[in-house]
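Open the model in your viewer and keep the selection tool at hand.

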Amino acid sequence: MFLSPYRVLDVTGPLGFLAGRILADLGADVIKVEAPGGDLSRRWPPFHEHHGGRQSLYWLAFNANKRGITLDLEAANGRFVLRELARSADVLVESFPPGYLAQHQLAYEQLHRENPRLVFVSITPYGQNGGHSGYPASDIEIMAASGAMSLAGEADGEPMRVSVPQAAQWAGSEAAMGALTALVYRTQSGRGQWVDVSAQAAVLAALAHAPVFWDLNRVNPERAGVYITGRSVSGARMRAFWPCQDGWINFIVYGGSAGRHTNQQLVAWMEERGMGADALRRIDWRRFTVPELTQEQVDAIEAPIGAFLATLTKQEFLAEAMARQMLGYPVSSAEDIHRDPQLDARAFWQQVGGGRPGGAIRYPGGFAVVDGERLPIRRPAPEVGEHNDEVYGHLVHDSPTVV
Amino acid sequence: MTTGAPPAVDALAGVTVVEFGGYAAGPAIGKYLANFGARVIHVESFSRPDGFRLQYPPYKDDRVGINRSGCFAFFNDSKQGVSIDIKNPSALRLIYRLVARTDIVVENMRPGVMARLGLGYPELKVHNPSLVMLSTSNLGQTGPRATHPGFGSQLSSLSGFTEMIGVPGGPPFCLYGPYIDMIAVAYGGAAVLAALDRQRRTGEGAFIDLAQYEAGLQFLAPALLDYTVNGVSPTRNGNRDRVAVPHGSYRCRDRRWVALSCWDDAEWSRLAEATGDPVLTDVALATSEGRRAHEADIDHHIADWARERDAAGIVSALRSANVHVAIVNTMQDLYEDPQLAARDVFQPFDHAELGPMRYRMVSYQLSETPGRVRSAAPRLGEHTEEVFKVWFGLNASEFEELSAQGVFS
């Protein structure tokens, strides 16, 4: 695999887990380093409960494909061991508060001196520099500071985050890109360097082009509940979420060639079901565009569409949208996703951890298919200290207390 | 982070990327590489411009125009833009020659389109055996719905994200724009960089089939595992958290909002003390079980406290008390955020039709080979001559002949 020659030391907390997971998915030997007793996030719900104990699903999700060792960085000989490991590592990823590693004689400068080829990746809520760099932030504060929450929720209501924390995934995935950019440079130059990742800045990616409305036209996009804004220069909003028989459907009136086709097909489908409407028949869909629509026009188009969508089930909509090559999707639950034949056809799911006390678990598999093969999950997330013996070998026999 | 002398070299100097397609999911990957010095050539044509140019606001001064889209610009800074009519037979030969000098091709056409154009991976590999090619699409290159069209703003629903946003029992809420496309950008970027590294070491190429759907599901992996092991489909739960209490966003006197959270008993006692609200210092709330049992009451008291204070004062007081807190930034606020400014996240460039615009530098910075926004986004076909005459080396008569055949139209 792409990264099979490389060893990565993953000294992160939850904010950095995904970076190492991505490098591991791409073939690197990633060693997760935890404090003795295990990372705090192992106690975060929800859990996989079984007769052999319980495991955090958060831990299992983002530490698969890694080996695991324990090491006490508060102890001097623990720090010595980490420096030894870093001498032969290609990449080190960490997510301590800025300054913590320096206080423990493990700063970038020191490890880089001992191994000039080391790519040293730091993931923090706000980055290493700037006035906010020392402040604590969990998912909700990062989602707030990045602007993401201001765009989600009812108009004028409480800004919302996604109920499955997202900020760490944005930070971790951008950190993987940063690590690999540095690694490509190292392959050419032989020189490692320090990669400084800000989670706040990483989540800006999630906003897509929303900031540009302010920068270009001094329009401040805001949350609008079930509506999308910013598609019309008149300021008209279009509805995205429509109740249906067993949940919700995401259907948006678009322009463009795919949108025009969708609208024509929907109108035809509605006519077949005896739910056609004059407001839709009057429109020449071949020339239909969105940016210049008024709110009144949008409302007139949407009313009969909403009435029609309310008669459908999620699966009925998806099947017909596929047959007619229409835009739009149901709002899927985890169960719907597990039952989606598209994912089965692509061998997305993978049974992982058959030898473990809880038995094998069906995992979302690797994130891409490379030369026809799904990137595999080669091993489940490690138990506490599972690979101490094979990683340390003789290294800690003199000082077993540090693990 | 230490800053030294200006870099002698860029991390991705000498790397050439060619991209076909449009919107966010393909082109945004090239932007990340361009910020670190890769030459990224964005291919479109006057007959088929990038969809972001004409279908998505904002436009400068709200006037729609092929070079007036801020949306297109935001994802395409630091690149060279060329116009090639890829359906022109002479264009195909030129593209094969271009690909022979390219390290990475990124495309996000509907699956099957590149092959029909003669630009599938097997064809391109004939001209460049080391080529790394990423095809990123909604649902992947294979499977029963591979060619089903879709946009990221709706794929964010098929993949479960919008199920996870809103209050329990209420409707799902929108995530802004093509949220899931941007997840696939990070995964696609990591994949092509890893493939590039192997290409540099061994000369091997690779074909990467990335489904935006499957990339997005990675960000929801704990919820998907919850169904696997517990048969539970988690759903939206407002701003509540499974560990922290309180955990939410609160409106302030100046109509701004703050987000805050408490992760242990000590942090809670610091928060309770900072509010000065005697109800919150009640011993019944000293444990996380106690706080969970009274979560709604706590929320009301904090909301009352916040409503009488300005957001900046709340953030300052709680940061002094070492409590998790942040302002809920709006888009306008981001451009004035001192922390983003300290990291030089928004970098201004002038554009012939958009005027000055601030482009987003990516979230990671490299100490020896720092990245930066290099230039404004290209106007359609802006660099066709520069790329093909100056860099690629077509002589004047070759270029004129291809022009006359309509290759660059």
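Select strand β5 of chain A, residues 66–70. A:K66, A:G68 and A:T70 point one way from β5(A). A:R67 and A:I69 point the other way. Buried or exposed, what are these residues? All are buried (20 or more other C-beta atoms lie within 10 Å of a buried residue's own; exposed means 12 or fewer, partly exposed in between, with C-beta atoms placed from the backbone). With five of its five residues buried, β5(A) is largely enclosed by the rest of the structure.

A word on the labels and the model. This is a predicted model: local features need pLDDT of at least 70, side-chain atom pairs count only at pLDDT 80 or more, and totals for chains, interfaces and linings use all residues. Residues are numbered from 1 along each chain as its sequence is written, and chains are lettered from A and ligands numbered from 1 in the order in which they are written. Helices (H or I, at least four residues) and strands (E, at least two) are DSSP runs, numbered from the N terminus.

Look for A:K32: its bridge partner in β5(A) is A:G68.

Now select helices α1 (residues 17–25) and α7 (residues 167–189) of chain A. They pack at an angle of about 50°, with their axes 7 Å apart (axes are lines fitted to C-alpha atoms, for helices over the stretch in contact; angles run from 0 to 180 degrees between N-to-C directions). From α1(A), the contact residues include A:F17 and A:L23. From α7(A), they include A:G172 and A:A176. Residues are in contact if their C-beta atoms, placed from the backbone, lie within 7 Å.

Zoom out to all of chain A. There are 16 helices and 17 strands in chain A. Of its 403 residues, 57% count as buried. The C-alpha trace spans about 85 × 50 × 40 Å along its principal axes.

How many residues of chain B are in contact with chain A? The number is 131, and they touch 128 residues of chain A. Helix α8 of chain B (residues 179–202) gives the most to that side of chain B, with 16 residues.

The partner of A:V369 in β6(B) is B:D209.

How values were computed
Two residues are in contact if their C-beta atoms, placed from the backbone, lie within 7 Å. Two strands pair if DSSP finds at least two bridges between them.
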